[in-house]
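Hi everyone, thanks for coming. I'll walk you through one structure today, so let's get it up on the screen.

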Amino acid sequence: MTKTSGQTPTLTHIDGSGEARMVDVGDKASTQRTATAQAVVRLSPTAYSLLSAANNAKGDALNTARIAGILAAKRCAELIPLCHSLPLSFAGIDFFPDDAAHTIRVQATCRSDYKTGVEMEAMTACSVAALTLYDMCKAADKGIVLEQVRLLYKSGGKSGEWRAKAD
């Protein structure tokens, strides 16, 4: 969605006749862009304790999920049809466990010096990292819930800086 001062927002990936289209970024200037996104993985107490103790039968789940998330960020344009392929200067995944809630918050940050934002890369990275945690822990709990996938922060480009409202 695009909104310029005083105008109604529009969907940038839909043309005037309602057809899907890739946005033309050819005339845009390359600028430094950053995006951070999150996903929350809610586990049963048993699955959480196995993950926390690194007793998962498939190996080190967090590092596997980290690598999967980074790979997903790098391949975002192959997964989301209208995303631009763009050079990432950084993709990182961090995990924030909450012992009381039996959750792992997955946070992905991506950066690029290019003509379009990296929000989709960050959201894809945290989503795939969360899915990988599910895969690594599903033997202990098939009821794991992935939730709260959302953009937390973005900067760069014409729209500048944006932060999600605090919960």
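**The cysteines, the sheet and a helix pair**

Let's start with Cys83, which is buried, at a relative accessible area of 13%. Buried here means under 20% relative accessible area, exposed means over 50%, and partly exposed is in between, using a 1.4 Å probe and protein chains only. Before I go on, this is a predicted model, so local features need pLDDT of at least 70 and side-chain atom pairs count only at pLDDT 80 or more, while totals for chains, interfaces and linings use all residues. Residues are numbered from 1 along each chain as its sequence is written, and side-chain values use heavy atoms, with hydrogens and water left out.

Back to the cysteines. How many disulfides does a search of the whole structure find? The search comes back with 0, where a disulfide is a pair of cysteine sulfur atoms within 2.5 Å. For Cys83, the nearest cysteine sulfur belongs to Cys76 and is 4.0 Å away. Cys110 is in no disulfide either, and its nearest cysteine sulfur, again that of Cys76, sits 8.4 Å off. Cys110 is buried too, with a relative accessible area of 1%.

Now the sheet. Picture an open sheet of 5 strands, in the order β2-β3-β1-β4-β5, with antiparallel pairing. The edges are β2 (90–98) and β5 (162–163); each has a single partner strand, so one side of each is left without a neighbour in the sheet. For the naming, helices (H or I, at least four residues) and strands (E, at least two) are DSSP runs, numbered from the N terminus. Two strands pair if DSSP finds at least two bridges between them.

Look at β2 with β3 (residues 103–114): they pair in the antiparallel sense over 9 bridges. Pro97 has Ile104 in β3 as its bridge partner, and Phe90 stands opposite Arg111 in β3.

The hairpin of β2 and β3 has 4 residues between the strands, and His102 takes a positive phi near 60° there. As a reminder, most residues other than glycine have a negative phi. His102 counts as partly exposed, at 23% relative accessibility. Gln148 is another one to look at: it is in strand β4, and its phi is near 55°, positive in a residue other than glycine. Gln148 is partly exposed as well, with a relative accessible area of 39%.

On to the helices. Helix α4 (residues 119–137) lies across β1 (31–42), β2, β3 and β4 (145–155), and runs at about 25° to β1. Axes are lines fitted to C-alpha atoms, for helices over the stretch in contact, and angles run from 0 to 180 degrees between N-to-C directions.

What does α4 do with α2 (residues 61–74)? Their axes come within 7 Å and cross at roughly 145°. In α2, the residues that meet α4 include Ala65, Ala68 and Ala72, and on the α4 side Ala125, Val128 and Leu133 are among them. Contact means heavy atoms within 4.5 Å. By class, this contact has 11 nonpolar, 4 polar and 1 charged residues.

Last stop: Asp60, in the loop between α1 (45–52) and α2. Asp60 is partly exposed, with a relative accessible area of 42%. Asp60 and Ser49 are 11 residues apart in sequence and 14 Å apart in space, C-alpha to C-alpha.

Definitions and conventions: Nonpolar A, V, L, I, M, F, W, Y, C, P; charged D, E, K, R; others polar.
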